[in-house]
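Hi everyone, thanks for coming.

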Amino acid sequence: MSEINYSLFGGADSLDEGKASSSKINRTSRRTFAVNEGDEGVRDEYAYSAPPQDPKDFLWLMTEEPHRSRRLAIMKAHPEVTKLMGREPLTKYVVLFVVSLQISLAIFMRNHSPLSPLFIFVAYAIGGTANHNLFLAIHEITHNLAFRKIAPNKLLAIFANLPIGIPYSAAFKGYHIEHHKFLGQDGIDTDLPTRLEIICLNNVLGKVFFATFQILFYALRPTFVRAQTLTHWHFLNILVQVVVDYFLVSTYGARPLIYLIMSSFFAGSLHPCAGHFIAEHYLWDGLEQETYSYYGPLNVLAYNVGYHNEHHDFPSIPWTRLPALKALAPEFYDTIPSHPSWPMVIINFVRDKEVGIFARAKRIGKGRRLDIGVGGGAGAAAAGVSCSKIADLVDEAIDEEVDSSSDADMTESDKSE
């Protein structure tokens with residue numbers, strides 16, 4: 001059996017990789033290279049073996065997020081890519097099936113104690129997987145890819161929200177569109193950890209706590225970092241959810257609602273599918289690559305969200321056609337590291353000292369002051385340096401470029417809204 005080549009793997013994706021010995025860290029150097037950049041020998045010169053950042057801080061970048069430029073390059077090389085854009089009618093039927101499954105199971109489990117092994121197993125194995133699927137259904141619908149009109153998409157998201165037990169679909173839309181438009185921008189992209197999280201969770205126990213309670217961080221962090229103005233869609237989302245929760249409790253008792261909320265917790269905790277939360281945008285192996293894809297079988301349960309570079313490059317392409325996008329432009333996607341396993345990402349996130357809450361790329365939030373130092377960590381490049389000292393950076397050119405690229409990250413229906 002031939003030895004596995006880890007050079008295009010993201011993260012230390014085996015139990016052998018990343019183990020520290022008395023003399024060195026036994027890790028295969030990862031590599032990344034530009035399209036058609038020489039032969040294999042030349043490409044291997046672009047290998048990295050150590051993280052370029054200070055573990056006490058994030059990696060601050062001065063460059064534009066990578067997806068806009070790659071999108072333009074792919075559209076130039078493959079103009080037929082526009083044929084992949086559009087709506088996916090299958091989405092609403094998958095949502096209907098999963099919502100029906102979860103509500104039925106919630107009612108069925110009313111006769112079992114929430115502390116019983118059966119209740120916990122069903123809530124984790126079936127409920128956690130189903131609710132994670134609904135998280136990602138809402139993610140897909142947020143881009144208005146289920147219906148042509150905006151209102152039906154928002155109503156479908158509210159419907160998909162029902163088995164989750166807590167209303168969040170309306171708020172998620174605003175935060176997620178900003179995540180695409182302002183990827184990595186401090187104070188705007190609420191997917192990014194805060195400095196307080198680095199201080200409190202930058203160790204093994206902290207990472208275990210973070211991985212276990214991921215769902216709470218993603219639910220609560222946005223309200224502290226960037227509060228939204230409530231709209232009638234927020235209130236409708238809350239009203240519908242409260243009515244359905246009240247109906248379940250008043251008709252069948254508290255256990256169905258306990259089952260649904262427990263399923264949501266497991267869906268965003270130590271669950272195989274939940275590895276995508278860490279896999280998507282954490283930095284690995286000394287690379288400044290801030291988005292990773294995963295092409296494994298769990299995508300079947302997760303609306304192909306593992307095709308994450310592809311999704312960020314073309315958010316107007318629905319989940320069923322993301323594999324076709326990768327197949328259309330292999331010279332762009334087969335040449336960058338990807339994660340072969342979501343569960344192993346969680347394991348190595350916890351056990352690998354070179355990765356942690358700090359391993360995220362950040363940029364200057366528009367109109368914000370930023371702490372930048374000149375003494376970056378090992379391997380720091382001009383494009384990105386670790387920071388610990390204060391400097392006032394105002395770069396109008398970057399701001400203008402961000403403004404000009406913002407609309408390109410949204411679907412046409414998002415723009416019309």
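**A walk through the model**

Let me begin with residues 232-252: the span is 100% helix and 0% strand, and its end C-alpha atoms lie 30 Å apart. Before going on, a word on what we're looking at: this is a predicted model, where local features need pLDDT of at least 70, side-chain atom pairs count only at pLDDT 80 or more, and totals for chains, interfaces and linings use all residues. Residues are numbered from 1 along each chain as its sequence is written, and side-chain values use heavy atoms, with hydrogens and water left out.

Residues 232-252 also turn up in a record. The UniProt annotation "transmembrane region", from an unreviewed entry, covers 90-109, 115-134, 155-176, 196-220 and 232-252. Those positions are in the numbering used here, feature names are shortened, and annotations may be inferred rather than shown by experiment. Another of those spans, residues 90-109, is 95% helix and 0% strand, with 29 Å between its end C-alpha atoms.

Now the whole protein. How many helices and strands does it have? There are 18 helices and five strands. Both are DSSP runs numbered from the N terminus: helices are H or I with at least four residues, strands are E with at least two.

Of the 417 residues, 53% are buried. Buried means under 20% relative accessible area, exposed means over 50%, and partly exposed is in between, using a 1.4 Å probe and protein chains only. The accessible surface comes to about 18,700 Å², and carbon and sulfur atoms account for 64% of that; the areas come from the Shrake-Rupley method with a 1.4 Å probe, and for residues only the protein chains shown count as cover.

As for contacts, meaning heavy atoms within 4.5 Å: taking those with a separation of 6 or more, 76% are between residues 24 or more positions apart.

Next, a pair of helices. Two packed helices are described by the angle between their axes and the distance between the axes. Helix α6 (residues 169-181) packs against helix α10 (residues 232-252) at about 140°, and the axes are 7 Å apart. That angle makes α6 oblique to α10. On the cut-offs, under 35 degrees is roughly parallel, over 145 roughly antiparallel, 65 to 115 roughly perpendicular, and the rest oblique. The axes are lines fitted to C-alpha atoms, for helices over the stretch in contact, and angles run from 0 to 180 degrees between N-to-C directions.

Who makes the contact? On the α6 side we have Ser169, Ala170 and Ala171, and on the α10 side Trp233, His234 and Asn237. Sorted by type, the residues of this contact are three nonpolar, three polar and no charged. Here Ala, Val, Leu, Ile, Met, Phe, Trp, Tyr, Cys and Pro count as nonpolar, Asp, Glu, Lys and Arg as charged, and the others, Gly among them, as polar.

Let's zoom in on some single residues. Val81 sits in the loop between α2 (66-77) and α3 (90-108). Is Val81 buried or exposed? Its relative accessibility is 0%, so Val81 counts as buried. Leaving out residues up to four places away in sequence, Val81 touches Ile74, Met75, Phe314, Ile317, Leu325 and Leu328.

Asn203 is in a loop too, between α7 (195-201) and α8 (204-212). With a relative accessible area of 38%, Asn203 is partly exposed. Lys353 is 150 residues away along the chain, yet the C-alpha atoms of Asn203 and Lys353 are separated by 8.1 Å.

On to helix α12, where we find His276. His276 is buried, at 3% relative accessible area. Setting aside neighbours within four places in sequence, His276 is in contact with His132, Leu136, Val305 and Trp342.

Then comes the loop between α12 (275-279) and α13 (308-313), which holds Tyr303. Asn304 lies in that loop between α12 and α13 as well. Tyr303 has a positive phi of about 55° although it is not a glycine, and Asn304 also has a positive phi of about 55° without being a glycine. Tyr303 counts as buried at 4% relative accessibility, and Asn304 is buried at 12%.

What touches Tyr303 and Asn304? Trp319 does, and not counting residues up to four places away in sequence, Trp319 also touches Glu88, Leu90, Thr91, Val94 and Glu140. Trp319 lies in the loop between α13 and α14 (322-328), and at 12% relative accessibility Trp319 counts as buried.

That's my tour; happy to take questions.
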